Amino acid sequence: MAKGKKGVAKKTAASAPKKHKWQLPPSGGSMESADGLYFQNMTWRQIEKRLKKNDIIILPIGSTEAHGPHACPGEDTFLVTRMAEQVARVTGCTIAQPLWYGSHPYHHMGMPGTVLVPEDYFNGLLKSMMAGFWNAGFRKQILLNGHGQEYVIPTAIHQFAKHFQVPGVFINLNWYHAVRDSFKLKDQGGKYETNFIHADEVETSWSLALFPEFMDMKEAVDTKPRGYMPDGHIDKAGNLLNRPVAWYGQVGCGPVEISAYPEGCVGKSTLADADKAKEGINDLLDYMVKLHDDLLKTFPVGKLPPANEICERPKAEIDSLLKKPLSKGWKSIYSLGYPF
Ligand SMILES: [Zn+2]
């Protein structure tokens, strides 16, 4: 790729993601392993070496949420950690240990097994993670989300940017948005009999393909999703149906989970099968590698978007923030304030 001014690569047209061979299901996870994937599991010396080779970090943003009798409440979190692990093994980027607690829409309130974090605290936690990892040297961050909180996360990114005004790249990737065509129904040429909602045929299939050891299909049950309005107005999970009203853009057009679906799944989880999800997961992981690679080609290790184009801070202030941590003249990001 051609280099533009200041070593930042010039923009080229997007190409299709390269195909990789992924292992599904993976043989276990890495959250307690010393295999160099997770930031918290490495020594500081190892982290310093990593930063010289690859300064991208994936922040898996999960939740603790009821997903039915057949599934673990950590489902949304394991989905994103297992995805991130496969991508980090191929690309050499780093993963942060996940955020286990998230923000939930109103209709999940009251479900046993669901831990709701108020939106302001959740945003504060996201901004704290972004600031801490920026300060450690990971200034290209992919917030990989696996839960219905995609309407909250961008607020944290924009509040962080408005407050700190420092160069960096902060991307919120919701896995279901990266591979929208993977959720088609059988009569549309897809693999599923029902549309993606929650803990259902689709989400359970993806979980079976990524962490079957935490699932028990003997316990799976079905429920019948319903709304008060005629079909066609309100979208379903991920807004994958392109309907006029986003799934999170309303309250009152359907019953809450605790009254209509106390089982914890909304849809037919008994129809789930790992094979239905594998092609979609392959496409997603291929895309994530492409996102990583394009990010690193555009901003090679140590390079960031031009500060004079993306923020209003004086150059001298930016220069001291970007010095090697703890070196002479370095200032931490917290010298700019502590806003949370
Ligand atoms: Zn979920």
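How many helices and strands make up the secondary structure of the chain? In this predicted model, the count comes to ten helices and four strands. Followed along the sequence, these elements are arranged in the pattern α-β-α-β-α-β-α-β-α-α-α-α-α-α. The radius of gyration of the chain is 21 Å, close to the 20 Å that the globule rule gives for 340 residues, so the chain is as compact as a globular protein of that length. Along the principal axes, the C-alpha atoms occupy a box of roughly 60 × 40 × 40 Å. Of the 340 residues, 40% are buried. Among contacts between residues at least 6 apart in sequence, 77% join residues at least 24 apart.

The sheet may be considered next. Strands of a sheet pair through backbone hydrogen bonds, in either a parallel or an antiparallel sense. Here four strands form an open sheet in the order E2-E1-E3-E4, and the pairing is parallel. Strands E2 (94-95) and E4 (169-174) stand at the edges; each has a single partner strand, so one side of each is left without a neighbour in the sheet.

Strand E3, residues 140-145, pairs with E4 in the parallel sense over six bridges. In this pairing Lys 140 lies opposite Val 169 of E4. Two helices pack on the sheet. Helix H2 (residues 75-91) touches strand E1 (56-61), E2 and E3, and its direction makes about 160 degrees with that of E1. Helix H8 (residues 274-298) touches E1, E3 and E4, its direction making about 145 degrees with that of E1.

E3 also pairs with E1, in the parallel sense and over six bridges. Six of the six residues of E3 are buried, so the strand is largely enclosed by the rest of the structure.

Helix H2 is likewise mostly covered, with 14 of its 17 residues buried.

Apart from its neighbours within four places in sequence, Ile 57 is in contact with Phe 39, Cys 93, Thr 94, Ile 95, Ala 96, Phe 133, Phe 138 and Gln 141.

Why is Gln 23 classed as exposed? A residue counts as exposed if 12 or fewer other C-beta atoms lie within 10 Å of its own, and Gln 23 has 8 other C-beta atoms within 10 Å. Gln 23 and Ala 71 are 48 residues apart in sequence, and their C-alpha atoms are 22 Å apart in space.

Conventions:
Residues are numbered from 1 along each chain as its sequence is written. This is a predicted model: local features need pLDDT of at least 70, side-chain atom pairs count only at pLDDT 80 or more; totals for chains, interfaces and linings use all residues. Two residues are in contact if their C-beta atoms, placed from the backbone, lie within 7 Å. A residue is buried if 20 or more other C-beta atoms lie within 10 Å of its own, exposed if 12 or fewer, and partly exposed in between; C-beta atoms are placed from the backbone. Two strands pair if DSSP finds at least two bridges between them. Axes are lines fitted to C-alpha atoms, for helices over the stretch in contact, and angles run from 0 to 180 degrees between N-to-C directions. The radius of gyration is taken over C-alpha atoms; the globule rule is 2.2 Å times the number of residues to the power 0.38.
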